[in-house]
Amino acid sequence: MYDRAEIIIAGNNIINKELSAVIQNYLGNLYLKQSEFSRAKEYYEKAYTFFVEKYGKDNLKALSINETLSGIYLMNGEYAKAIPAFESSLQVKTLKFGPDHPDVADLHNKLASALLYVLPLAARN
């Protein structure tokens with residue numbers, strides 16, 4: 001089933017780019033649920049690129065995809081990608097929703113978790 005969707009979006013110039021990005025996001029979701037992180041990351045990155053180019057980094061769909069990608073980067077040990085991605089989402093959501101919003105608190109927690117992997121033990125105190 002997923003292969004058919006991949007073929008349709010890869011070989012069909014008729015489908016508009018936004019619909020293609022939405023399908024890529026859904027494929028990312030499906031592969032993530034199957035723990036196929038590298039394939040999920042591939043589709044999320046394509047969808048994220050589209051939404052950022054079309055609507056900007058502060059678009060809620062782009063933010064959502066960016067946060068999912070950040071989690072995948074973290075699981076894969078790609079801290080150099082995870083931390084700036086979490087920081088970017090945190091900055092935008094703080095401006096959009098304010099510092100006391102639950103989504104902002106959640107991002108603070110995720111960023112702290114990512115930083116624990118890279119900061120030396122002495123720097124944590």
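This is a short talk on a helical chain, going from the overall fold to one helix pair and then to a single residue.

Please keep in mind that the model is predicted, so that local features need pLDDT of at least 70 and side-chain atom pairs count only at pLDDT 80 or more, while totals for chains, interfaces and linings use all residues. Residues are numbered from 1 along each chain as its sequence is written, and side-chain values use heavy atoms, with hydrogens and water left out.

Let me start with the chain as a whole, which has six helices and zero strands, where helices (H or I, at least four residues) and strands (E, at least two) are DSSP runs numbered from the N terminus. Of its 125 residues, 34% count as buried, a word that stands for under 20% relative accessible area with a 1.4 Å probe, protein chains only. If we take the contacts with a separation of 6 or more, 50% of them come from residues 24 or more positions apart, a contact being heavy atoms within 4.5 Å.

Now to the helix pair. Helix α3 covers residues 37-55, and its 19 residues should span 27 Å at 1.5 Å a residue, which agrees with end C-alpha atoms 26 Å apart; the expected span is 1.5 Å times one less than the number of residues. Its buried residues are A40, K41, Y43, Y44, A47, Y48, F50 and F51. The axes of helix α2 (residues 17-33) and α3 come within 8 Å and cross at roughly 150°, with axes being lines fitted to C-alpha atoms over the stretch in contact and angles running from 0 to 180 degrees between N-to-C directions. That makes the two helices roughly antiparallel, the term for angles over 145 degrees. Among the residues making this contact are A21, L27 and Y31 of α2, together with A40, Y44, A47 and F51 of α3.

The backbone on either side of α3 also deserves a remark. In the loop between α2 and α3 we find S35, which has a positive phi of about 60° although it is not a glycine, and just after α3, G56 takes a positive phi of about 95°.

Finally, what does E67 touch, not counting residues up to four places away in sequence? E67 lies in helix α4, residues 60-75, and its partners are F86, S89, K93, L107 and K110. E67 is buried, because its relative accessible area is 13%.

Terms used. Buried means under 20% relative accessible area, exposed over 50%, partly exposed in between (1.4 Å probe, protein chains only). Angles under 35 degrees count as roughly parallel, over 145 as roughly antiparallel, 65 to 115 as roughly perpendicular and the rest as oblique.
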